[in-house]
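Grab a pencil and work through these exercises with the model open beside you. Try each task before you read its solution.

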Amino acid sequence: MTGAAIRDPRDRLIVGLDLASLTEAESVVARLGDAVTFYKIGFELAVAGGLTLAERLARSDKKVFVDLKLHDIGATVEKATRQIARLGAAMTTVHAYPQTLRAAAAGRGDSALKVLGVTVLTSWDQSDVAAAGFSGTPEALVARRVKQARDCGVDGVICAPTDLASVRGVAPPPFLAVTPGVRPAGSAAGDQKRVATPGEAIRAGADHLVVGRPILAAPDPRAAAEAILQEIDQALAEA
Ligand SMILES: O=c1ccn([C@@H]2O[C@H](COP(=O)(O)O)[C@@H](O)[C@H]2O)c(=O)[nH]1
């Protein structure tokens, strides 16, 4: 199920478990309880044994996004993607370069895993794009990478919520648009540079929102997640 068809706000919110140990991650999952059904496991937790948690969550009643942003020679990316599919993950990421995208699409095969191409990191602005050696704006680079992701056979992209209007112009649903860089009004942006609120992201066409620190660092993580779910629900009702 993708895009407009996803009406339960819990299927839209992906909580990033950016934590240093399995113990901490398991404690957050327990605290969030049935308020959260979708988790992301990235580099920090993955190197602390997080892939075993990914497998356990996927075998329980949760969905899991294994966010390893693969980028390597094609054979390596293809085999790694196949292994991530075997964990039972619902989503994974590769950097949005054509060779890498095609390899990941091959590794996914006909499994249920959704492969997403990372377009331009949400922590990048114009100066970071230039420093990395690319000409043009972040928006232009995102648009180019979305077209390449679509043409290379992956299932969607990671983009900033502020990119969604142009992303949706190039790749309408059911192509997935998943957005980190989501900040409830008043919460600290941290190192994120292209940000929007949960409501803005949903109204602009995001399928799923990834939220880490605004929930993990909150005094009451469950209440913070529930406030975001309420905002998502409100935005869906307006759509
Ligand atoms: O462009 C990207 C790609 C991935 N991320 C990941 O999303 C979360 C965001 O966490 P916050 O604490 O809500 O900022 C984090 O795991 C990143 O690795 C991203 O932010 N931007």
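**Exercise 1. Place Thr100 in the fold: which helix holds Thr100, and is Thr100 buried or exposed?**

Keep in mind that this is a predicted model.

Step 1. Find Thr100 in the chain: Thr100 sits in helix α4, which covers residues 98–108.

Step 2. Count what surrounds Thr100. There are 25 other C-beta atoms within 10 Å. A residue is called buried when 20 or more lie within that distance, so Thr100 is buried.

Step 3. See who is there. Setting aside neighbours within four places in sequence, Thr100 is in contact with Leu70, His71, Val77, Val94 and His95.

Step 4. Ala149 is 49 residues from Thr100 in sequence, and their C-alpha atoms are 9.8 Å apart.

**Exercise 2. Work out how strand β4 is joined to β3 and to β5.**

Step 1. Start with β4 itself, residues 91–95. Four of its five residues are buried, so β4 is largely enclosed by the rest of the structure.

Step 2. Look towards β3, residues 63–70. β3 and β4 pair in the parallel sense, with three bridges between them.

Step 3. From β3 it passes through helix α3 (residues 74–86) and on to β4, a right-handed β-α-β crossover.

Step 4. Now look towards β5, residues 114–118. β4 and β5 run parallel and are joined by five bridges. Val94 turns up again here, with Gly117 as its bridge partner in β5.

Step 5. β4, α4 and β5 form a right-handed β-α-β unit, and α4 is the helix where you found Thr100.

**Exercise 3. Which side chains of strand β7 point one way, and which the other way?**

Step 1. Recall the rule: in a regular strand the side chains alternate between the two faces of the sheet.

Step 2. Apply it to β7, residues 176–179. Leu176 and Val178 point one way, Ala177 and Thr179 point the other way, and all are buried.

Step 3. Find the strand partners. β6 (residues 156–158) pairs with β7 in the parallel sense over three bridges, and Gly156 has Leu176 as its bridge partner in β7. The chain gets from β6 to β7 through helix α7 (residues 164–170), and that β-α-β crossover is right-handed.

Step 4. Move on to β8. Two bridges join β7 to β8, and the strands run parallel; for Val178, the bridge partner in β8 is His208. With helix α8 (residues 198–203) included, β7 and β8 make a right-handed β-α-β unit.

**Exercise 4. Check two backbone spots: is the peptide bond from Pro173 to Pro174 cis or trans, and is phi of Lys69 positive or negative?**

Step 1. Know what to expect: most residues other than glycine have a negative phi, and most peptide bonds are trans.

Step 2. Check the bond from Pro173 to Pro174. Its omega is near 15 degrees, and the bond is cis. Pro174 belongs to the loop between α7 and β7.

Step 3. Check Lys69 in strand β3. Its phi is near 40 degrees, a positive value in a residue that isn't glycine. Lys69 has 17 C-beta neighbours inside 10 Å, so it counts as partly exposed.

**Exercise 5. Which residues are closest to the ligand?**

Step 1. Take the whole shell. 16 residues surround the ligand, and Gly16, Thr122, Pro180, Gly212 and Arg213 are the closest.

Step 2. Trace the shell back to the fold: β8 (208–211) and α9 (213–216) are the elements that give two or more residues.

Step 3. Sort by class. You get seven nonpolar, seven polar and two charged residues.

**Exercise 6. Why does the chain's radius of gyration agree with a compact globule?**

Step 1. Compare the values. For 239 residues, a compact globule would have a radius of gyration near 18 Å; the chain has 17 Å, so the two agree.

Step 2. Look at the extent: along its principal axes the C-alpha trace spans about 40 × 35 × 35 Å.

Step 3. Finish with the make-up. The chain has 10 helices and eight strands, and buried residues account for 45% of its 239 residues.

Notes
Residues numbered from 1 in each chain as written. Predicted model: local features only at pLDDT ≥ 70, side-chain atom pairs only at ≥ 80, totals over all residues. Near = placed C-beta within 6 Å. Nonpolar A, V, L, I, M, F, W, Y, C, P; charged D, E, K, R; others polar. Buried ≥ 20, exposed ≤ 12 C-beta atoms within 10 Å, placed from the backbone. Contact = placed C-beta atoms within 7 Å. Rg over C-alpha atoms; globule rule 2.2 N^0.38 Å. Pairing = 2+ DSSP bridges. Right-handed = clockwise from strand over helix to strand, strands pointing away.
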